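Take a look at the model below. Then read on for a short tour.

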Amino acid sequence: MQDLGDALNENPDILFLGGGNPADIPEFKAKMHSYLSNVLQSPEKLHKLLGVYQSPQGDLAVRRQLAVYFKQLGWPVSEDNLALANGSQSIFFALINMLAGQCDEQKRQLLFPMAPEYLGYADQALGDEYFTAVTPKIELIGEHEFKYHIDFDKLVISNNIAALCISSPANPSGNLVSHQELARLDALAEAHQIPLIIDCAYGSPFPGIVYEPQKLPWLKNAVYVFSLSKLGLPACRTGIILGNTKLIKDFVQATTVMNLATASTGMVLLNELLEHQALDIVCQQIVQPYYRKKRDFIIALIKAEFSHLDYRIHLAQGAFFIWLWLPKLKITSSELYQILKQQGVLVMDGAPFFFAIKDDYAHKQQCLRLSYCQEESVIQSAIRIIKNTVEKYY
Ligand SMILES: Cc1ncc(COP(=O)(O)O)c(C=O)c1O
């Protein structure tokens, strides 16, 4: 991540297919502009935006509105099951360090049922060895696609496991965990009396960057973590956690120490979206179709440019990344990343996403993550350079 930042500082014109910033979507910005104008014209709303510390759990009225929103999906929740925080990254920091670590002479760990996983968890642990993970089953689909599945035969939950954690749609692969897989994880969590954390940063119901009809199910043992970032509001730093009341209370105690209060911009905009019953409309009519078009564009481009190469892309079921697998690469993906950077293209090396896999695993060094949030011309130039570079090392 540090390397990405340095590369951007050194060469601001680099073709940037790295990072997790959402796209700049004009219709979304226009909507936010109009909601923010409403807020600025109302003295009470403006005061709430700028002049008061919000409750550490997040504004009660917003939590009530959110509870109604989830109840409409059939979820049995109230405002006490919800807390807001300054970005979902900070929610994970609290959760990871609340659950994992030394406890009663035992080192408790978070288990990722399917690596690769979101790199942002990697450096959040306050101690060593907080994470463990299982490699996926790989289903080859046709000539150029593949899909990860949870390998339940390898998923052993020993009594030092503090929680299961999975992102869906996954960052980096765009994989969507099926309802059956989620139900099995929930049952395992229940049997071991541990939470199942589901990172919904890209998923349904919001921001809803999912290209399949699948809805997120309500699961008894799940702790859901949502974010407004990928909707288009990363600078607002708003994350939402939904879980049982005991966990939410513990979470709020921990975050009050760290943050005192929750930032209000995202909360105020969320309030407007919910009040106008516009959240689902924005997700389904603006955000999702925008990314779907981009996804189709980059996939068509890769198919055309890479046709003579042995490559596979993970089924792009959600989020805004292409997970490119280059099984015949003669160098490591980390080396390829560095070479591409010299050629003026910044992608994400796939290897760090396997941070919780300690064993040798060849697949670790064969993947790249490409974001498709940039303009089409940038994507086009970048894919051509990637193809020309990969050709040399095949
Ligand atoms: C899977 C996943 N989870 C969580 C986050 C953190 O997002 P934020 O702190 O902006 O809510 C990200 C950001 O890229 C992500 O990709």
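The report covers the core, a sheet and the ligand shell.

This is a predicted model: local features need pLDDT of at least 70, side-chain atom pairs count only at pLDDT 80 or more, and totals for chains, interfaces and linings use all residues. Residues are numbered from 1 along each chain as its sequence is written.

**Core.** The largest nonpolar core holds 114 residues. Such a core is a set of buried Ala, Val, Leu, Ile, Met, Phe, Trp, Tyr and Cys residues joined through C-beta atoms within 7 Å. Buried means that 20 or more other C-beta atoms, placed from the backbone, lie within 10 Å of the residue's own. Leu 110, Leu 164, Ile 322 and Leu 324 have the most contacts inside this core. Helix 9 (residues 279-305) gives the most to it, with 8 residues. Helices are DSSP runs (H or I, at least four residues), numbered from the N terminus. Domain 1 (2-28 + 281-392) and domain 2 (53-278) both give residues to this core, so it lies between them. Domain bounds come from an automatic or database assignment.

An open sheet of 6 strands has the order 6-7-12-13-16-15, with mixed pairing. Strands are DSSP runs too (E, at least two residues), and two of them pair if DSSP finds at least two bridges between them. Strands 6 and 15 stand at the edges with a single partner each, so one side of each lacks a neighbour in the sheet.

| Strand | Residues |
|---|---|
| Strand 6 | 137-141 |
| Strand 12 | 312-314 |
| Strand 13 | 321-325 |
| Strand 15 | 348-349 |

Strands 12 and 13 pair in the antiparallel sense over 2 bridges. Arg 312 has Trp 325 in strand 13 as its bridge partner.

**Ligand.** Around the ligand are 14 residues, and among the nearest are Gly 20 and Ser 227.

Note on methods:
A residue is near a molecule or strand if its C-beta atom, placed from the backbone, lies within 6 Å of it. A residue is buried if 20 or more other C-beta atoms lie within 10 Å of its own, exposed if 12 or fewer, and partly exposed in between; C-beta atoms are placed from the backbone.
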